[in-house]
Amino acid sequence: MSSEIPRAQVGGAARPGFETIRLEVYEQDRVATITLNRPDRLNVFDRTMCTEMARAWQLLRTDDSVHAVVLRAAGTRAFSAGLDIKKSYGQPDSVWHHEDPGQALSPKWQKMWKPVVCAVQGMCTAGGFYFVNEADVVICSSDATFFDSHVSAGLVSALEPIGLRRRIGLGETLRIALMGNDERVGSDTALRIGLVSEVVPVEDLWARAHQIASTIAAKPPSATQGTVKAIWESLDKPYRAALDQGLIYTRLGNPLGKAELAAQGERDRNDRPEPRIR
């Protein structure tokens, strides 16, 4: 990964108090960046990271200065290798009270509807799909590889594929889940099957993700967040019920979005310098 910070990202304000992630806000662009920050451990998540991710999503959900989020990872070897198997996640004794780590990692479980752009480099496997599955835009670098290691380790792959199926369909999901470590989905195949929407050179990944997020963030937030909420919630509903609910969201969100657009236009006019008179 290039060490040069893209010009669009200069001036990000870091939010302190995190051990396993970095949270920064670029107020000029209205974009926040979450960086998985355990590169020495292939950015695997443990109980601490899950707790911190849930907290980050809650902070961003209520921060009106943020209109879009970039999710990325430190280091070059891996975006995320999933759950940290060297540390106990700490599930309750009763199997009926076990938790799915994806609930903490997911912006949608945390009711955070601001658009999320996920930038994947290197390896993404097993629980790493939690991050990809519920992002709104996913791009990757040319060196990215995706695979699911569960069955190769004798484990049932039953959670991450449910989210993955929504993105790439049943056939491709089953192939990834059942092939385990023996087949890697490269960046070109990921683009072909719809797992990602764009492939960029490694050195351009972070800058391109920020560019996409800042473009989205320039739109009225009521419009973009209402769009994210309506589309994701439609996945859990029958077709006609989803259309009925979507109609309600347009009635609620359109006046807000148009008012935000008008207010932004007024601010732009006020900020425009007066013409020089000769």
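User: Happy to look at this one with you! What volume does the second largest cavity have?

Analyst: This is a predicted model, where local features need pLDDT of at least 70, side-chain atom pairs count only at pLDDT 80 or more, and totals for chains, interfaces and linings use all residues. Residues are numbered from 1 along each chain as its sequence is written, and side-chain values use heavy atoms, with hydrogens and water left out. A cavity is a set of points, on a 1 Å grid over the protein atoms alone, where a 1.4 Å probe fits but cannot get out; grid points are joined across faces, edges and corners, and a volume is the space filled by probe spheres set on the points. For the second largest cavity, that comes to about 30 Å³.

User: Thanks! How do the residues of its lining divide by class?

Analyst: Lining residues have an atom within 4 Å of a point, and for the second largest cavity they include Trp57, Leu71, Tyr130 and Glu134. Ala, Val, Leu, Ile, Met, Phe, Trp, Tyr, Cys and Pro count as nonpolar, Asp, Glu, Lys and Arg as charged, and the others, Gly among them, as polar. The lining of the second largest cavity then divides into eight nonpolar, one polar and one charged.

User: Which elements give two or more residues to the lining of the largest cavity?

Analyst: The largest cavity holds about 40 Å³ of space. Among the residues lining this cavity are Phe129, Asp148, Glu160 and Ile176. Helices (H or I, at least four residues) and strands (E, at least two) are DSSP runs, numbered from the N terminus. The elements giving two or more residues here are α4 and α5 (170–179).

User: On to the pockets: which element gives the most to the lining of the second largest pocket?

Analyst: A pocket is an open set with protein on both sides within 12 Å along at least five of seven lines. With four residues, the element that gives the most is α4.

User: Nice. Which residue in β9 stands opposite threonine 125?

Analyst: Two strands pair if DSSP finds at least two bridges between them. An open sheet of four strands runs β5-β7-β9-β10 with mixed pairing. Within this sheet, β7 (residues 123–125) and β9 (residues 145–147) pair in the parallel sense over three bridges. Opposite threonine 125 stands phenylalanine 147.
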